[in-house]
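Here is a short tour for anyone meeting this structure for the first time. Take a look at the picture, and then we'll walk through its pockets, its sheet and its rings.

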Amino acid sequence: MLPAEFSQYRQAAIEQFALEKIRVGTWTQTTAKKLAEYEFNILLPQGCATPVNYLFKIVVENKIVGNFWLAKSANSSKTAFIYDFEILPEFQNQGLGTKALDLGCKFAQQQGFSKIELHVFGGNQRAIHVYQKAGFSMTDIVMQRKLEF
């Protein structure tokens with residue numbers, strides 16, 4: 001991803017992340033965007049030039065079809081973490097997600113990582129299916145129950 005593309009990507013990714021956090025009830029409508037911006041600022045203080053962060057545009061036949069953000073995990077120097085992965089809706093169901101994940105895993109291995117992790121929102125069955133198809137397995141599941149009676 002070029003620095004000129006990063007600003008547009010950052011804005012769209014922050015908005016999408018905030019919406020997902022609102023949808024699952026983690027954040028409120030009032031605070032979500034501010035919290036999402038805060039997290040991006042912590043994770044990417046130097047934008048796309050932040051060390052050990054790799055931001056890619058997924059391109060097929062000169063069309064941008066998605067985004068992929070991989071970084072060194074905060075927990076282990078041998079583990080990569082996928083912070084963001086998206087195939088735009090109009091390009092889904094064409095095998096592009098599986099192919100992009102495969103390429104991302106190969107890239108991570110070339111960078112010296114021995115494992116790759118990611119987070120997926122529990123209600124995102126489409127993404128869970130793609131990740132499992134690509135060889136990912138569930139490791140931790142966090143569940144919640146609202147106590148409104």
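How do the residues of the lining of the largest pocket divide into nonpolar, polar and charged? There are 23 nonpolar, 15 polar and 9 charged ones. Keep in mind that what you're looking at is a predicted model.

**The pockets**

Let's stay with that largest pocket for a moment. It holds about 1500 Å³ of space, and 47 residues line it. If you want to find its centre, look for D84, F85, E86, N124 and Y131, which lie nearest to it. Several helices and strands take part: α1 (3-23), α2 (32-43), β2 (63-72), β3 (79-87), α3 (96-110) and α4 (125-133) each supply at least two lining residues. The biggest giver is α1, with 8 residues.

Now for the second largest pocket, which has a volume of about 950 Å³. Its lining is made of 26 residues, and those nearest the centre are H119, V120, D140, I141 and V142. Here α1, β4 (115-118) and α4 each bring at least two residues, and the largest share, 4 residues, comes from α4.

| Pocket | Volume | Lining | Classes in the lining |
|---|---|---|---|
| Largest pocket | about 1500 Å³ | 47 residues | 23 nonpolar, 15 polar, 9 charged residues |
| Second largest pocket | about 950 Å³ | 26 residues | 13 nonpolar, 9 polar, 4 charged residues |

**The sheet**

Next, find the strands. There are 4 of them in an open sheet, in the order β1-β2-β3-β4, and the pairing is mixed. At the edges sit β1 (53-60) and β4, each pairing on one side only. From one strand to the next, the twist averages 30°. Zoom in on β3 and β4 and you'll see that they run parallel, joined by 4 bridges. I82, for example, has L118 in β4 as its bridge partner.

**The rings**

How many aromatic pairs does a search of the whole structure find? It turns up 10. One of them is F6 with Y9, a tilted pair at 6.3 Å centre to centre, with 45° between the planes. Both residues belong to helix α1, where they are 3 residues apart, about one turn of the helix.

Are F6 and Y9 buried or exposed? F6 has a relative accessible area of 10%, so it counts as buried, the cut-off being under 20%. Y9 is buried too, with a relative accessible area of 4%. Elsewhere, ring pairs link F40, W69, F81 and Y83 into a cluster.

Technical notes. Residues numbered from 1 in each chain as written. Predicted model: local features only at pLDDT ≥ 70, side-chain atom pairs only at ≥ 80, totals over all residues. Heavy atoms only, no water. 1 Å grid on protein atoms, 1.4 Å probe; cavity = no way out; pocket = protein on both sides within 12 Å on 5 of 7 lines; lining within 4 Å. Points joined across faces, edges and corners; volume = space filled by probe spheres on them. Nonpolar A, V, L, I, M, F, W, Y, C, P; charged D, E, K, R; others polar. Pairing = 2+ DSSP bridges. Axes fitted to C-alpha atoms, helices over the stretch in contact; angles between N-to-C directions. Phe/Tyr/Trp six-rings, centres within 6.5 Å; stacked < 30°, edge-to-face > 60°. Buried < 20%, exposed > 50% of the residue type's maximum accessible area, 1.4 Å probe, protein only.
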